[in-house]
Amino acid sequence: MVNLIWFGMIFSGLVVAALTGRVDAVTGAVFSSAEKAVGIAFSLVSVMTFWLGMMKLIEKSGMIRWFVCILRPLANLLFPRVPKNHPAMHAILMNMSANLLGMGNAATPFGLKAMQELQTLNGNRTVASDEMCTFLAVNTSSLTLVPTTVVALRAATGSLNPTEIVGTTVLATLVAAVVAVTADRILRRFSYRR
Amino acid sequence: MLQAIISTMAAWVIPVFIFVTLVYAFAKKVDVFDTFVEGAQEGFSTSVRLIPFLVGMLVAIGVLRASGALDLLIAAATPLLTRLNVPGEVVPLAILRPISGSAALGITAEILHSRGPDSLLGRIASTMQGSTDTTLFVLTVYFGSVGIRHTRHALAAGLLADLAGMLAAVTICNMVFG
């Protein structure tokens with residue numbers, strides 16, 4: 001699927017560029033995008049290093065039990081087959097907490113950690129497990145309680161009431177999350193697995 | 001009031017989180033610095049392993065944007081989405097949101113600037129921006145980092161969620177603010 005999309009994006013881009021005479025712009029875009037990608041990876045080094053260090057502290061001190069307590073009902077519902085005290089469950093819970101609290105740059109490190117741990121439970125190393133798909137579905141619906149970025153942007157553009165969209169946003173993310181989980185549950189039966 | 005709470009929260013959540021984590025670990029007699037360093041070891045290798053996936057995806061997005069193909073896609077999707085009550089002005093946002101986080105944020109900022117954050121359009125754009133995520137980016141990076149090649153139905157579920165989130169944003173805003 002991703003192979004097809006990637007091919008389609010570049011193929012259609014090049015064809016359109018050739019037809020509209022924008023080939024120069026495309027060459028420039030290729031290399032400036034590649035540079036931007038490496039920049040993103042390196043800016044991730046700092047947050048990853050910091051938050052993975054914090055994560056180890058949270059696990060070792062036993063503070064992780066607080067998160068487990070609060071989010072366990074939800075996590076059990078979504079990931080019934082991940083053992084309760086497995087590091088994968090810890091990372092999933094930390095990722096969800098970070099998203100809910102609007103701790104933007106902490107969510108990605110915890111999420112990547114969760115994927116690594118889910119991979120240790122995965123029978124086939126190149127095919128996504130059911131749990132990974134569920135985790136991704138929940139993650140892409142960006143379930144949150146505090147949409148910090150948008151509130152800041154609204155305040156910056158002179159809104160009289162920057163937070164009036166918090167309620168509508170939380171409701172919309174809830175709808176997205178319910179659809180994501182439902183779609184995941186239905187589609188997983190039809191999608192290829194070995 | 002709510003704004004005060006949110007901006008206070010945004011400012012305090014990370015310092016408080018760090019404080020509580022450290023104090024609790026210290027009280028439990030964990031060697032705080034050694035443990036931090038032990039966990040932090042993985043940070044560099046994990047990030048660097050993402051470079052090929054990021055380069056691949058960002059180049060494809062860059063080509064799509066620079067060539068004008070994305071504008072064609074938006075033009076093609078506009079009649080479809082306006083039929084679903086999505087205002088024409090936010091269609092580019094709806095299309096770009098799952099593909100590129102920075103581009104989507106740029107469009108939201110532009111709408112808030114030109115139409116005003118407190119207009120109906122501004123509110124819809126804000127809600128959309130906050131209630132969906134960069135599905136393609138998250139998928140590429142998360143699966144890429146552990147070497148998953150068959151992503152099964154994850155993309156379909158993610159894009160369906162994005163569509164649902166967008167339509168929900170429009171409908172809810174029309175009901176609440178319209």
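1. Two residues are in contact here if their C-beta atoms, placed from the backbone, lie within 7 Å.

2. A word on reading the model: it is predicted, so local features need pLDDT of at least 70 and side-chain atom pairs count only at pLDDT 80 or more, while totals for chains, interfaces and linings use all residues. Residues are numbered from 1 along each chain as its sequence is written, with chains lettered from A and ligands numbered from 1 in the order in which they are written.

3. Chain A has 8 helices and 0 strands; both are DSSP runs numbered from the N terminus, helices being H or I of at least four residues and strands E of at least two. Its C-alpha atoms fill a box of roughly 60 × 55 × 35 Å along the principal axes.

4. In chain B you will find domain 1 (1–40) and domain 2 (50–177), with bounds from an automatic or database domain assignment. Their C-alpha centres are 32 Å apart.

5. Do look at H8(B) (residues 120–131) and H10(B) (residues 154–177), whose axes come within 9 Å and cross at roughly 140°. Those axes are lines fitted to C-alpha atoms over the stretch in contact, with angles from 0 to 180 degrees between N-to-C directions.

6. Which residues of H8(B) meet H10(B)? They are Leu120(B), Arg123(B), Ile124(B), Thr127(B), Met128(B) and Ser131(B). On the H10(B) side, the partners include Gly165(B), Met166(B) and Phe177(B).
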